[in-house]
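Hi everyone, thanks for making time this morning. I'd like to walk you through one model, and you can follow along on the screen.

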Amino acid sequence: MSSETSGAGIGSDDADMEQGPLGRWVDSAIKNPDRVYRAMFYVAMLFFLVTTLFPFYWLLVLALTPNNLIANMGLVPKGFNPEVFIAMFERVPFHLYMFNSFVLGITTTVLVLLIASLAGYVFGRLRFPGKGVLMLGILAISYFPPAAFLIPLFELFTGNTSLSIGMVTISTPDLFNTPAPMVFPFSALFLPLSIFILTTFYGQIPDGLEDAARVEGTTRLGALFRVIVPLSAPGVATAGVLTFISVYNEFFFSFLMNNGEADSWAPIVAGILKYQGQFDTPYNLMAAASIVGVLPVAILVIIAQERIVSGLTAGALKE
């Protein structure tokens with residue numbers, strides 16, 4: 001009996017040797033799937049950390065290295081120059097550029113949330129002919145490249161366009177170097193995503209809650225802002241945070257609709273490019289400005305991450 005058992009054991013060992021390392025790994029993965037899932041999670045997390053945190057680390061290395069020592073660098077700073085975070089404000093009024101970006105982002109976010117709330121209510125809670133086609137059209141327009149609208153918008157906002165209505169000719173005002181030529185295109189670009197998010201949330205609110213508010217004498221608009229919007233707080237927060245981050249990071253219209261000066265409502269991207277001179281390029285100052293500029297968005301994402309995740313995954317599970 002023992003000889004048979006030992007023979008079986010030897011046979012299994014021989015079979016394992018014949019399988020090779022790949023075959024043994026596959027058998028182990030089939031028997032212990034939890035270990036495989038855990039290993040895949042760690043690999044994905046490591047890849048995510050490297051691809052997202054390494055650029056920020058490289059900015060920190062460039063910022064702390066004196067500009068004359070940046071050539072032929074390794075993965076560690078050549079020197080230690082924390083005074084660069086003070087010098088960046090002395091050379092360029094970067095705090096004004098950050099203020100401009102905050103004003104543009106907040107203004108656009110408020111405008112987008114207001115319009116998207118009304119549109120989300122219509123698409124999510126009302127029935128009318130052509131609703132699906134109209135929603136599809138809104139989403140399709142969001143995929144148009146911003147460059148396609150540059151020339152007509154530039155002509156419109158720089159006062160080079162005249163509108164003729166019968167015998168009356170109206171010239172558009174010159175809004176170059178003001179917030180308007182940036183806020184309006186931003187709102188048009190990021191409005192479709194907010195409409196889609198809020199439509200999903202508003203459509204999940206039970207009709208009885210809105211009907212109860214209507215019985216108490218509240219109008220549809222009052223029920224929207226008093227009942228539906230508070231109950232859809234994760235969706236509203238998600239749409240607002242995503243819109244603010246997108247506006248804060250926007251480059252195309254931010255660069256073309258102003259002359260790049262802080263008093264002309266130029267945002268952060270113009271402030272970073274302002275460090276570049278005719279005969280020198282202070283990479284350490286530009287890296288320090290990039291770090292300071294990205295910190296508010298990073299803090300906002302950390303604070304609102306639960307809202308963002310719950311808002312983006314809403315509707316994934318059907319209860």
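This is a predicted model: local features need pLDDT of at least 70, side-chain atom pairs count only at pLDDT 80 or more; totals for chains, interfaces and linings use all residues.

What is the phi of Asn177? It is near 70 degrees, a positive value in a residue other than glycine. For context, most residues other than glycine have a negative phi.

Trp265 is not a glycine either, and its phi is positive, about 65 degrees. You will see Trp265 in the loop between α11 (252–256) and α12. With 26% relative accessibility, Trp265 is partly exposed.

Trp265 also brings us to Leu104. Along the sequence, Leu104 and Trp265 are 161 residues apart, yet their C-alpha atoms are 8.4 Å apart in space. Leu104 sits in helix α4. Is Leu104 buried or exposed? At 2% relative accessibility, Leu104 is buried.

Searching the whole structure for cavities of 30 Å³ or more turns up one. The space in the largest cavity is about 30 Å³. Which residues line the largest cavity? They are Ser101, Leu104, Phe186, Val247, Tyr248, Ser254 and Pro267. Two elements, α4 (94–125) and α10 (233–249), each give two or more residues to that lining. Sorted by class, the lining holds five nonpolar residues, two polar ones and no charged ones.

Now a closer look at α10. This helix has 17 residues, and at 1.5 Å a residue they should span 24 Å; the end C-alpha atoms are 24 Å apart, so the two values agree. Among the buried residues of α10 are Gly235, Val236, Thr238, Ala239 and Gly240. Further along α10, the buried residues include Val247 and Tyr248, and these two also line the largest cavity.

Let's move on to the nonpolar core. How many residues does the largest nonpolar core have? It has 30, and those with the most contacts inside it are Met88, Phe94 and Tyr275. The elements giving two or more residues to this core are α2, α3 (84–91), α4, α10, α12 (268–273) and α13 (283–312). From α13 comes the largest share, nine residues.

While we are at α13, have a look at Met286, which lies in that helix. Its relative accessible area is 16%, so Met286 is buried. Met286 and Leu273 are 13 residues apart in sequence, and 7.6 Å separates them in space, C-alpha to C-alpha.

Finally, the aromatic rings. Counting rings whose centres lie within 6.5 Å, we get 15 aromatic pairs. Take Phe54 and Trp58: their ring centres are 6.3 Å apart and their planes are at 20 degrees, so this pair is stacked. Where are Phe54 and Trp58? Both are in helix α2 (residues 33–64), four residues apart, which is about one turn of the helix. Phe54 is partly exposed at 38% relative accessibility, and Trp58 is partly exposed too, with a relative accessible area of 28%. Together with Tyr57, Phe54 and Trp58 form one aromatic cluster.

Another stacked pair is Phe144 and Phe149, with 6.3 Å centre to centre and 20 degrees between the planes. Phe144 is partly exposed at 44% relative accessibility. Phe149, at 30%, is also partly exposed.

Notes:
Residues are numbered from 1 along each chain as its sequence is written. Side-chain values use heavy atoms; hydrogens and water are left out. Rings of Phe, Tyr and Trp (its six-membered ring) pair if their centres lie within 6.5 Å; planes under 30 degrees apart count as stacked, over 60 as edge-to-face and the rest as tilted. Buried means under 20% relative accessible area, exposed over 50%, partly exposed in between (1.4 Å probe, protein chains only). On a 1 Å grid over the protein atoms alone, a cavity is a set of points where a 1.4 Å probe fits but cannot get out, and a pocket is an open set with protein on both sides within 12 Å along at least five of seven lines; lining residues have an atom within 4 Å of a point. Grid points are joined across faces, edges and corners, and a volume is the space filled by probe spheres set on the points. Ala, Val, Leu, Ile, Met, Phe, Trp, Tyr, Cys and Pro count as nonpolar, Asp, Glu, Lys and Arg as charged, and the others, Gly among them, as polar. The expected span of a helix is 1.5 Å times one less than its number of residues. A nonpolar core is a set of buried Ala, Val, Leu, Ile, Met, Phe, Trp, Tyr and Cys residues joined through side-chain atoms within 4.5 Å.
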